[in-house]
Amino acid sequence: MKINYKGNIDLTIGAGGRAMNQLIHDLMLAEFDNEFLAQQGDQAILPPANGKLAFSTDSYVVSPLFFNGGDIGSLAINGTVNDLAVGGAIPLYIAAGFIIEEGFPLAQLREIVKSMANAAKTANVKIVTGDTKVVEKGKGDGIFINTSGIGVVENDWVATSPQDDDLVIINGAIGDHGMAIMSKRQGLNFASDISSDCAALNSLITSLAPYQKHIKVMRDPTRGGVSAVLNEWATFYNCSFEIDEEKLLINESVRGLSEILGLDPLHIANEGKVMLVVAKDYADEICTLMKNHPLGQESRIIAKVNPANQVKVSMKTLFGGLRRVDWLNGEQLPRIC
Amino acid sequence: MKYIDEFRNSQVAKKLIENIQRKINPERKYNLMEFCGGHTHAIHRYGINQILPANIKLIHGPGCPVCVLPIPRIDQAIWLANQPDVILCSYADMLRVPGDKQDSLLKAKARGAQIQIVYSVLDALEIAKNQPDKMIIFFAIGFETTTPPTAHAILEAEKMGLNNFKVFCNHVLTPVAMAAILDDNEVKIDGFIGPSHVSIIVGSDAYREVAQKYQKPVVIAGFEPLDVLQSIEYLIDLINKNKSDIINQYTRAVNPEGNLKAQEIIARVLEKRQQFSWRGLGQIAKSGLKIRHEYASFDAEVQYNLPEFQSDDVKSCECPQILRGIKEPKDCKLFGKACTPENPMGACMVSSEGACAAAFQYSLISR
């Protein structure tokens, strides 16, 4: 019997019997298709890796599930891939856990699973093990996905402390993902062309291998945006950062919506951006190399490292004034990742 | 971005700064109060306070409606949200505002109260229409800017016969509050950077009484940084000539008489209260609005037997002095220590438009 994708997830599917088995077999196994998943064990047995392992996990609860430029499926793969990649690892394997609410449309589940499969293919990672649970109606919000990933650090790259005068590079415009979600938020209904930047960054980061010893630290500015990353770094490495407002790239629609909603794009989440602290003398070369990659065409230097200061992150404004750039202070944002 | 970038041009800003520098009298101080939180925010966000000459002091006024709402009104909103079958609809920035014992709507929501964030009162009306078995209470706050939509929603609800829509009215009046600040002898204000959006509704003439009575110039200013700089230049001119005129810098939106249609709707549905309490400023006569008797069926204060709450502002909080321009955020010993945006103790730290929150978030002072 075939699955009727016009139907909904019910508790029979969640019971772990034949129906669940069929769903996993016909949908997940078919879409994620790879030799490790085909073992169908309670675990995936993986070959030895050539270097230190990187291991990361993240849960995805984004609302709405589908948005311009992506969906919870592509986000769940790219997010974990990026968390591995910014540690200098080559992402290899992903474990996926689904928590689905009773009544969730099977057609949407299929769309999400296909999107995960596509994202995994693009990022060159394999979804090697997984789990599916169904919770009663009202006990979840459609679908939640957890992904964990393993990568290998083949070279000996490790993050090191930024030095004075080092520069901060980002691979393009800020705030696209958060605003793509915001504009679709219930009650807002903006007709906007903002598309999430959701993308896997591992191939862009790998392309920088020739310069790896000049890269001090990398991070993907997701929740809390660019300001959160800089504030975290400043605290952890005991240094300060000065952003040059003129250098920031913010798409027109993102700026417009930020104005209306009173948000600062520096606080808004990205899902396809990487920030790198690099040695000053190599910043231009690294930036040029990044521009050769499809995900790095708009790469630019946006900030510099200064000695530790009680103001951890500041910004030279377009007006020539200097202002503090603080952490986001608990604003009301929808779930964005 | 069109209609925005023109008002943030750094070259024009340089020119305006030069004008201001040329015009100021170095022998004197210029104490200018920007009444609106929107101006406070712009001043900090663009670092305007740092590029002005040192003898121009910007005093951040009480024009942040979220900040000045007194604690007992927040306690009453929480009480309303806890009533059976009620959905309390609120603007997002009210949710974190602490009531008594640091309770808030956000905490009440976490405990199970039905609280819905809306961007407009019309969203609340829509919810009322779609959920007839629930009682929808709109937590109405704000100056004259947000008042007309509230009044309009009540008229719409009446037209649609929506019995499950109520308003908890907390609207307050700007010119009255300006006068109340100037009534204080300690206050040293030489002129006002006047409200932007409020003035669209009330018109620039609405400040004439205050300007004349207290002999203070008012320049109605737009919210963009160049608006603020140009208004400061106008104020310096007026102060130097000892004039207490009203100049409308924000001519692209404000006219002398204001939005008459909006004023008419407000007058039809709402009327002045004898007294209203302001967080940080205390009781001010005829400074707040309530729903007229004819529309009492939409008035949450009438329809629910609202308990009176008693709670005072935190004793060591300097908000009353900061809102009057007598002290600055950094003069308060709570600032940045016991009192932060995550855990605000007083009015000025509550919303990002408050004087202390803006200073905390943007300025380079230590904390």
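This is a predicted model: local features need pLDDT of at least 70, side-chain atom pairs count only at pLDDT 80 or more; totals for chains, interfaces and linings use all residues.
1. Start with A:Arg300 and A:Glu298: their side chains meet in a salt bridge at 3.4 Å, N to O. The term here means a side-chain nitrogen of Lys or Arg within 4 Å of a carboxyl oxygen of Asp or Glu. A:Glu298 is partly exposed, with a relative accessible area of 43% (buried is under 20%, exposed over 50%, partly exposed in between, using a 1.4 Å probe and protein chains only).

2. Residues are numbered from 1 along each chain as its sequence is written, chains are lettered from A and ligands numbered from 1 in the order written, and side-chain values use heavy atoms, with hydrogens and water left out.

3. Over all chains there are 28 salt bridges. One of them pairs A:Asp197 with A:Lys273, the closest N and O atoms being 3.1 Å apart. A:Asp197 sits in the loop between helix H5 (176-183) and helix H6 (202-206) of chain A, and A:Lys273 in the loop between helix H8 (252-261) and strand S10 (275-278), so the bridge ties together parts 76 residues apart in sequence. (Helices, H or I of at least four residues, and strands, E of at least two, are DSSP runs numbered from the N terminus.) Both ends are buried: A:Asp197 at 11% relative accessibility and A:Lys273 at 8%.

4. For a local pair, look at B:Glu156 and B:Lys159, bridged at 3.1 Å, N to O. They are three residues apart in helix H8 (residues 147-160) of chain B, so about one helical turn separates them. B:Glu156 is partly exposed at 22%, whereas B:Lys159 is exposed at 69%. Elsewhere, salt bridges with shared partners join A:Glu259, B:Arg8 and B:Glu224 into one network.

5. Which residues does B:Trp278 contact beyond its neighbours within four places in sequence? Among them are B:Val68, B:Phe143, B:Leu173 and B:Ile284, with contact meaning heavy atoms within 4.5 Å.
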